[in-house]
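I opened my notebook to record what I looked up here.

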Amino acid sequence: MNQITVLIVGAGPVGLTLACELARRKVPFRIVERLAEPPRGSRAKALQPRSLEVFNDLGIAEELMKMGWTDLPFRKFNGSQLIGDSPRSVFAREDTRYPKTLLLPQWKVEDSLRGKLGELGGTIEWSTELTDVSHTDGGVMCRLERAGFVEEVACRYMVACDGGKSSTRKKLGINFVGETRQQEQLWVGDVEVEGLTPDAWYNWLGSKFGIAFALFPFKDTRIWQLQAVMLPDEEGNVPTPTLEGFNELFKERTQMEGVRFTNSTWQSIYRVNIRRAERYRVGNAFIAGDAGHVHSIAGGMGMNTGIQDAYNLGWKLAAVVHGQAGDGLLDTYGEERIPIADWLLAATSERQKAMMAAAATGKAGFETLATQDTTQLNLNYRDSSLSVGGADVELRAGELSAGAGLRAGDRAPDVRLVGGGWLSDRLKGPEWKLLVFGGVSADVDEGVNVVQVGDEAIVKAYGVDRGVVLIRPDGYVALVGDSVRDYFKGL
Ligand SMILES: Cc1cc2nc3c(=O)[nH]c(=O)nc-3n(C[C@H](O)[C@H](O)[C@H](O)COP(=O)(O)OP(=O)(O)OC[C@H]3O[C@@H](n4cnc5c(N)ncnc54)[C@H](O)[C@@H]3O)c2cc1C
């Protein structure tokens, strides 16, 4: 019987992020994927500022920044009539080096993650499907099937990152609570476009469909993503999308001459489901990403939230596997991430409603799609059992850089240093970090990256001039106080 410390099921963006997190912490793992090769459909196109910070820590943000757009305008039409362009929303905040959402196809994100995983020595097992799972004393028994061969593996931990239709979630008996909005369906696909310049995100708005047609060009490729709202028949069905269908629908809805789609590499139907798994852990099995939450694509946060699930779970699994923390640390994964999923479902439903209402009157623009919230920089774990201390001041969006009261659970703000560079350059890597202000004693064991703060910009941004700020491996403040000794005993 083969033994594995951690089995990751699914090599989408979430499974890949988790694999990188485990690989760089030297946790033995396997990652299996039932597809024979990577999917090419563009799907997610928004990489949010918080995910860019996560990828900066993993060392792939800069290469991704070159592959996408941050300033593409939103071009609106009413039928064939141009209404005009509106610029992308940008939130002027100084506490991040990535204030802008990056627009690029999901397969580029997955390509970069696979490249990083390869560098770290990880290998994806393609054409390998998890077909059964059961609990054992202190572990999970998994059946893997590949080309007719069956392998039983005893895993200490298993993480299902197998997408919204997760069969593993069902096998674990975890309910996926929520609703399917049969009336809200889209045709989506990838096409090449003749007759339009790839210098904007094109949207044809109108009262009947809201967004009657949308086309988004990807940088340095010939591919555009296409989306069109479809009205289902009485049984809730919409026709199967084809290249011919895309061309006909565009003509019918926009009346524009001279535009033609060719070479479609992906066609799909997207149905809005709004659901959340009732729990994220059963025994030693966990779920992450779309397996745990699905919702409207408005606001572009599904993949991003999944990446951040993996970033939350990765360091915790490593700490438990390496004997640095008790198993209870793993319960904080659901404790911290389920409230974020609840926020996500509500925020995306709200965004969807606002977008459709604005589109129906020809007013939609980035302001209805992208807000401070969708950057995901303001998400926090203040109510987590891992968060201790800090100022008793209510934080408002964007205030951190002004030195408003930092509290445990907040995302550790990044700071542009007076002497050049960013604080995040000094905080990169899988360890805990301790910022020491005013030369107090840094009473920590080896393995904590201690940074003596001398830079005025950090003092100002953190609002602390004497004491310590302990930052978790995933970049959230664990403790604001005088000493960290008791904190680590608690773990
Ligand atoms: C049109 C569209 C636009 C979107 N736009 C955005 C956006 O702008 N921003 C955003 O953040 N999100 C967006 N999303 C959502 C985003 O695509 C998903 O949230 C993301 O793919 C979820 O990643 P994941 O790794 O959890 O799951 P997936 O990407 O679904 O990956 C799961 C993987 O698991 C594999 N698998 C499944 N079952 C098994 C098994 N039993 N054994 C082995 N392998 C298995 C699958 O083959 C798959 O490769 C969009 C989605 C669509 C369709």
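**Entry 1: an aromatic pair**

I began with Phe77, which counts as buried because its relative accessibility is 7%. I keep in mind that the model is predicted. The cut-off for buried is under 20% relative accessible area. I looked up Tyr202 next. Its relative accessible area is 3%, so Tyr202 is buried.

Then I counted ring pairs. The count comes to 22 aromatic pairs. How far apart are the ring centres of Phe77 and Tyr202, and at what angle are the planes? The centres are 6.0 Å apart and the planes stand at 10 degrees, so I noted Phe77 and Tyr202 as stacked. Planes under 30 degrees apart count as stacked.

I also checked where the two residues sit. Phe77 belongs to strand 4, residues 74–78. Tyr202 belongs to strand 12, residues 201–206.

**Entry 2: a second pair and a cluster**

I turned to Phe213 and Phe250. Both residues are buried. Their ring centres are 5.1 Å apart and their planes are at 80 degrees, so this pair is edge-to-face. The cut-off for that class is over 60 degrees.

This pair also links distant parts of the chain. Phe213 is in strand 13, residues 210–217. Phe250 is in helix 6, residues 243–254. They are 37 residues apart.

Which residues do ring pairs link into a cluster? I listed Phe77, Tyr202, Trp204, Phe213, Trp224, Phe250 and Phe261.

**Entry 3: charges over rings**

I looked for charged ends over rings. Arg253 has its charged end over the ring of Phe209, 3.6 Å from the ring centre. Lys45 does this with Phe216, at 5.9 Å from the centre of the ring.

**Entry 4: the ligand**

Lys45 came up again at the ligand. One of its backbone N or O atoms is 3.2 Å from a ligand oxygen. I found a backbone N or O atom of Pro13 at 3.4 Å from an oxygen atom of the ligand. For Met303 the distance from a backbone N or O atom to a ligand oxygen is 2.7 Å.

How much of the ligand does the protein bury? Taken alone, the ligand exposes 1,000 Å², and the protein buries 90% of that.

I then went through the elements around it. Helix 1 (13–24), strand 8 (129–136) and helix 7 (302–321) each give two or more residues to the shell around the ligand. The largest share is from helix 7, with three residues.

How many residues surround the ligand? I noted 31, and the closest are Glu33, Gln106, Asp290, Met303 and Asn304. By class, the shell has 14 nonpolar, ten polar and seven charged residues.

**Entry 5: Asn312**

I stayed with helix 7, where Asn312 lies. Is Asn312 buried or exposed? Its relative accessibility is 0%, so Asn312 counts as buried. Its side chain makes a polar contact with the side chain of Lys316, at 2.7 Å.

**Entry 6: two distances**

I looked up Thr240 in the loop between strand 14 (223–230) and helix 6. Its relative accessible area is 64%, so Thr240 is exposed; the cut-off is over 50%. Thr240 and Ser268 are 28 residues apart along the chain, and their C-alpha atoms are separated by 7.8 Å.

Glu194 is in strand 11, residues 176–194. With a relative accessible area of 39%, Glu194 is partly exposed. From Glu194 to Lys170 I noted 24 residues in sequence and 44 Å in space, C-alpha to C-alpha.

**Entry 7: positive phi values**

I ended with backbone angles. Arg43 is in the loop between strand 2 (29–32) and strand 3 (46–47). Its phi is near 35 degrees, a positive value in a residue other than glycine. Arg43 is partly exposed, with a relative accessible area of 33%.

Asn263 is in strand 15, residues 260–277. Its phi is positive too, about 45 degrees, although Asn263 is not a glycine.

Conventions
Residues numbered from 1 in each chain as written. Predicted model: local features only at pLDDT ≥ 70, side-chain atom pairs only at ≥ 80, totals over all residues. Heavy atoms only, no water. Phe/Tyr/Trp six-rings, centres within 6.5 Å; stacked < 30°, edge-to-face > 60°. Helix = DSSP H or I, 4+ residues; strand = E, 2+ residues; numbered from the N terminus. Buried < 20%, exposed > 50% of the residue type's maximum accessible area, 1.4 Å probe, protein only. Lys NZ or Arg CZ within 6 Å of the ring centre and 35° of its normal. Near = heavy atom within 4 Å. Polar contact = N/O pair within 3.5 Å; in protein donor to acceptor, adjacent residues only side chain to side chain. Areas by Shrake-Rupley, 256 points an atom, 1.4 Å probe, with all protein chains shown as cover. Nonpolar A, V, L, I, M, F, W, Y, C, P; charged D, E, K, R; others polar.
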